Amino acid sequence: MNIALLPGDGIGPEIMAEAEKVIDLFVAEGEPIKTQTALVGGAAVEVYDDPLPDDTLQLCLASSAVLFGAIGGPQYDTLPRPKRPERGLLRLRKAMDLFANLRPAKVYDALADSSTLKKEVVAGLDMMIVRELTGDIYFGEPRGIHTNEQGLRVGVNTMTYDENEIKRVAHWGFQAAQKRRGMLCSVDKMNVLECTQLWRDVVMEVAREYPDVTLTHMLVDNAAMQLIRRPQQFDVIVTGNLFGDILSDEASMLTGSIGLLPSASLNQSGQGLFEPIHGSAPDIAGQGIANPLAQILSLAMLFRYSLKREDLADRVEFAVEEVINQGMRTKDIAKAGERILSTSAMGDAVVAALKNNN
Ligand code: NAD
C-alpha cells in the first residue's frame, strides 16, 4: 500500500497532518502502508516554479493512491495561467486518467440541523454521486463562438459520449452501489438529448452484469427537485459530467458542512486521487482551526476504493461518526456555546476513537 501524500497549500498541510496520524496508527498495528510526501500547487511553484513538478507526477503515477490536501491561495492568483496551482491538479487528474468522480454526501444525526433545509428532510441522508469527469459537453468538439452568415454571434458546445466512456463510469456506479445499499439511479435527459439516450441504453446494458443492484432512471430536472424534496431516496446516482457538476454541488449543500465532505477520483485500474471537496481556505490557514474530517474521510475512501480495504475504511468512518456523536466540534461545525477543538485535537480524537474500537 504505497500512498503519495500531497498536502498542497493553505490548510492542506494542517489537515494532512491529521490524516497522517491515522495512517501512523495503522502502521503501528502492522499494516504494510508506505507513504511519501511531495509538493504540489503553490507550494511547488515556490520551490520548482511548476505546480506539478515531474518528481511529484512520477510519485503519483507509481503509487497505489494519492491523498491530496488542497491547493491555491490569493498570492498565486496573479501567476501566469500554466503556473497557477489549479493547473497542477488538472494536469495530475489528466495524467492519471481519473474519469470517475465519487462524491458522498452524508448527514450525521448530530449535525442534521446545520443544513439550510429542514432537519426532517435531510436527517439520515447518506448518498453518493458518481460523476463522469473527462467527457461530455466540457470537452466535446466543435466548440467556440463564431459569427454566422447573418452576422450574428453563435456559441457552440457539443455534448458527446462514446459507449466506452459511458460503460466505464457506469461500472464504477454499480460497484459503488454494491458497496452501499445496492441502489443505483442513473440521471439523464433522454427525452430531449440523444447523447443521453445512449447514456441510458448503455447503463441498462451494463446493469446485466450487476443483478444485485437495483437500477432506476431519472431525468435531470426531476433529480434536481428530488434532491431537495426527498434526498434520502437516493443511494448512488451515476451521471455525466455536466449534470454531475451541478447535482454534486447541490447534494453537498444538503449537509451544510463543507469541512466534512471527501471525494474520490478514480481511473480504470482503481488507482485514485482522494481529496476534500473544499479548497485551501486561506482565510483560516495557519490558525489551527480547520476541520480535518474531510481529509480523514478522504483517507477512508482511499482505503475502500483504491486499496480494497473495506475494514480500514469502515473503522475510520465509524470513528469519525463517533467523535461527532460525542459532541466533538471544530469551529466550522460548532453551535454557539459548544466547546471548540483545534485541528490537531480533532485528529487526536479520531485516533483515540480508532484505538478504542479496535
Ligand atoms: P474554500 O473551500 O477554500 O473555502 C470556503 C469557506 O469554507 C471558507 O470560509 C473556509 O474557511 C471554509 N472552509 C473550507 N474548508 C474548511 C475546513 N476544512 N474547515 C473549516 N472551514 C473550512 O473555497 P474558496 O475560499 O473559494 O477558495 C480558496 C482557495 O482554494 C482558492 O485559491 C481556490 O482556487 C482553492 N480551491 C482549491 C480546491 C482544491 O484544492 N481542489 C477546491 C476549491 C477551491
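**Strand E10 and the chain around it**

Modeller: In strand E10 (residues 236-239), Val236 and Val238 point one way while Ile237 and Thr239 point the other way, and all are buried. Buried means under 20% relative accessible area, exposed over 50%, and partly exposed in between, with a 1.4 Å probe and protein chains only. Helices (H or I, at least four residues) and strands (E, at least two) are DSSP runs, numbered from the N terminus. In a regular strand the side chains alternate between the two faces of the sheet.

Biologist: Before we continue, what should I know about the source?

Modeller: This is a predicted model, in which local features need pLDDT of at least 70 and side-chain atom pairs count only at pLDDT 80 or more, whereas totals for chains, interfaces and linings use all residues. Residues are numbered from 1 along each chain as its sequence is written, and side-chain values use heavy atoms, with hydrogens and water left out.

Biologist: Which strands pair with E10, and in which sense?

Modeller: Strand E5 (residues 126-132) pairs with E10 in the parallel sense over four bridges. Strand E8 (residues 183-188) also pairs with E10 in the parallel sense, over four bridges. Two strands pair if DSSP finds at least two bridges between them.

Biologist: Which residues stand opposite Thr239 and Val238?

Modeller: Arg131 stands opposite Thr239, and Ser186 stands opposite Val238.

Biologist: What does Thr239 touch?

Modeller: Leaving aside residues up to four places away in sequence, Thr239 touches Val130, Arg131, Glu132, Val187, Trp199 and Gly244. Contact means heavy atoms within 4.5 Å. The relative accessible area of Thr239 is 0%, so Thr239 counts as buried.

Biologist: Now to the other residue on my list, Glu18. Where is Glu18, and is it buried or exposed?

Modeller: Glu18 lies in helix H1 (residues 12-28). Glu18 is buried, because its relative accessible area is 4%.

Biologist: Which residues does Glu18 touch?

Modeller: Residues up to four places away in sequence aside, Glu18 touches Pro292, Ile296, Thr343, Ser344, Gly347 and Asp348. Glu18 and Gly347 are 329 residues apart along the chain, and their C-alpha atoms are separated by 4.9 Å.

Biologist: Changing topic to the backbone: which peptide bond is cis?

Modeller: The peptide bond from Glu141 to Pro142 is cis, with omega near 0°. Pro142 is found in the loop between E5 and strand E6 (144-147).

Biologist: What about phi of Asp97 and Lys308?

Modeller: Asp97 has phi near 55°, a positive value in a residue other than glycine. Asp97 lies in the loop between helix H4 (85-95) and strand E4 (100-106), and is partly exposed, with a relative accessible area of 36%. Phi of Lys308 is likewise near 55° and positive in a residue other than glycine; Lys308 lies in the loop between helix H10 (293-306) and helix H11 (310-325).

Biologist: And the chain as a whole: how many helices and strands?

Modeller: The chain comes to 12 helices and 12 strands. Of its 358 residues, 53% count as buried. Residues 24 or more positions apart account for 76% of the contacts with a separation of 6 or more.

Biologist: What are the overall dimensions?

Modeller: Along the principal axes, the C-alpha atoms fill a box of roughly 65 × 50 × 40 Å. The radius of gyration is 21 Å, which agrees with a compact globule of 358 residues, for which a value near 21 Å would apply. That radius is taken over C-alpha atoms, and the globule rule is 2.2 Å times the number of residues to the power 0.38.
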